Structures are given as C-alpha cells and as structure tokens.
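Here are a few notes to read alongside the model. Have the viewer open and follow the points one by one.

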Amino acid sequence: MPSTRQSLRRTLAAVVTLLALTAAAGCGADATAGGRQTTQLRYQGSVGQVTLPELAADLGYLGDVKLNWIGNVTGGPADIQATATGQTDFGGAFNGAIVKLRAAHAPITAVIAYYGSDAQTFQGYYVLADSPIRGPRDLIGKKVGMNTLGAHAEAVLKTWLVKGGLTPAEIERVELVALPPVNIEQALRQHQIDVAVLGGVIRDKAVAAGGVRTVFTDYELLGAFSGGSYVFRDDFIKRNPETVRTFVSGVGRAVEWARTQPRETVVARLESIIAKRGRNEDPSLVRYWKSSGVAGKGGLISDREFTTWIDWLADSGELKGDRPKPADLYTNRFNEFAATGGGA
C-alpha cells in the first residue's frame, strides 16, 4: 500500500540519520574501557514467549555474556532498527527486512538464523471455518491481519498473490492491517479482519480452539527455510568479536538442544524461564511449542534465505540499483557449527 511504503521510507531515513548521530557519539554502550569487550547485551523480548538467546542463557550456553532485557517488541523491522540506531545490541527480523535496512545503508550484519518454517512450525493464513475465501482472488477487497507490515507475512502473502495471477493493481486492493500478535486471532473471530496470519504457538493455540481454516502456509509455498536472522551493528562486531562469537555459538547450541530434546522437555524449560523472569506473563503460549523452524544446523544461514527476498524486493520495485549480494548481508564465521559445513 502506498502509505505503508511512504512510512517505511520515512522510517529508514530516520534510521540513517540516527546512525550518523550514534557514530558521532562513539556508539556508547559497547565502547568499554581499556579495549575490553562488553559482556552485557541489550535486547528486546516478546510477551509470553521465550527467545532463543533467552533459552541459551538459561541453558548456560552464553558463558559470561549476560542479556539485558529492555522491553518487548511486536515486529522484526522495529527490532533491527533499534539495533541499527544503538538502542539495543542485537535484534532479529525477517531476512527481507534486513535486506531493506542494509539497502538504506544501515551497517548491520546478520549472524545467525533464529526462526523459520518447517512441517511443524510455520506461518499460516487463516480464515473462519465458514469463510468463502479459498484462493488469491478471494482476497481482493479483504483485510489481512499480521504482526507487522513490510516483513515476512507481507512478503509471503504478496508472493502467493503474484503466483495466483493477481496484477499489482489488484494486490493493492488487499488491505494489510498491523496488529499485536496476541490480538490477531481475536480480531479474526470478531470479524474485524478477514484473514489472520498466525505462526508458531499463537497459531497452534488458535487451531486448537477450533473454528478456523487454513488458506495456505509459507511452508506449502516455499518449503522448509529459515526466515529471519539476528543482526549486530558492524561497529559492535568489530569492537566485540569474541562476545559476538559467544552469543552466536550459544544460540546455535540452543537451536540444536531444542531440536534434539523431547518436546515435553523443551516446553517445561520454556515455562520455567517465563516463571523465573517475573514479567507477569501468561505462559500458555509456550505449551504449544513444536520447533524453532530453523533450517540450518545451529542456525547457519544460507544464500537462498536472502536471495529469495532480494529477488522479490527487486522485482516488486522495493530495491533500487544493483541487487545486494547475500555475502554482503550475513556471515557464519562466528558460528561454531560452520566448521562442520555450510556458510560464508
């Protein structure tokens, strides 16, 4: 939608301005005395859910690196913008959003995948059971609710609509509505939106309650893939390479721990983390956990997980000039699992 693109351009311009100011100020938090590397990482979490870094910390995989929670965030673009401007030390987002921010000259690099889609964990596009919506053309003039605009849910939806034969003008008539993840199911059931984009434990909870039907999923459309990555600022990486290495390898171990443990063990651990951190949250969401969906071993990133979205953004006119190369957007060099194969 034009207003969405204009808003995104304004946001990216503001990010670039703030980056210049941050650089001029010396990038504060990670400039430790005597050249010592920081062992405190500021980050944003998610209400009622446990992030992979939080799991890694609880498992003891981060060593002396400590996480400093500064609040919650509902969308990936906002999370990595906070990282780019120095408000946080790392953030995670859909890989297409990382491409956009890098195209706006934000000096960030993706270092490890943290979510994705597979047969167990995916993002689905759901309607009420009695909805007439079945295919792409049925969405013209309808409202689709998702956690944030300009990210994974929008990119997958528009890819599906293009494959369904819709023209750009017809796609513009599909109204996208940004809603907090915990409110999307309710908005669908109250007929405030026509389609709800639901993923992970939020999706499983909605399906368990009944009365909803899948139109399509990103896994059906694209197969198994890692959809998003954690990023650090390039200056932070330069100043704190061992801290980044500890973080990345620790998160990678958490990915593999969750992949190899019985589901009941993982759920119990997630519940205990929520109980211990004391943020007055409902722990019911994590009881529906199935997998992280991360495709690569230990969160290794592959070229494909960026080229898919580079091509889509370029073809849709969102990227100007030369298409960025995946090797300029991510690195696996801090991930101990890279030694067993895969990655730049």
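1. Let's start with a word you'll need: a residue is called buried when its relative accessible area is under 20%, and exposed when that area is over 50%. Keep in mind that you're looking at a predicted model.

2. Now try N335: is it buried or exposed? N335 has 3% relative accessibility, so it counts as buried. To find N335, look in the segment after helix 13 (304-315).

3. Who does N335 touch? Leaving out residues up to four places away in sequence, N335 is in contact with I112, V248, S249, G298, G299 and L300.

4. Next, the sheet. Strands of a sheet pair through backbone hydrogen bonds, and the pairing can be parallel or antiparallel. Here you'll see an open sheet of three strands in the order 3-10-4, with antiparallel pairing. Strand 3 (90-94) and strand 4 (108-117) are the edge strands, each pairing on one side only. From one strand to the next, the twist averages 30°.

5. Zoom in on one pair of strands. How many bridges join strand 3 to strand 10? There are five bridges, and strand 3 and strand 10 (residues 225-233) run antiparallel. If you want one to check by eye, take G91: the bridge partner of G91 in strand 10 is V231.

6. Helix 3 (residues 76-84) lies across strand 3, strand 4 and strand 10, and runs at about 145° to strand 3. Helix 11 (residues 241-260) also lies across strand 3, strand 4 and strand 10, running at about 10° to strand 4.

Methods:
Residues numbered from 1 in each chain as written. Predicted model: local features only at pLDDT ≥ 70, side-chain atom pairs only at ≥ 80, totals over all residues. Heavy atoms only, no water. Helix = DSSP H or I, 4+ residues; strand = E, 2+ residues; numbered from the N terminus. Buried < 20%, exposed > 50% of the residue type's maximum accessible area, 1.4 Å probe, protein only. Contact = heavy atoms within 4.5 Å. Pairing = 2+ DSSP bridges. Axes fitted to C-alpha atoms, helices over the stretch in contact; angles between N-to-C directions.
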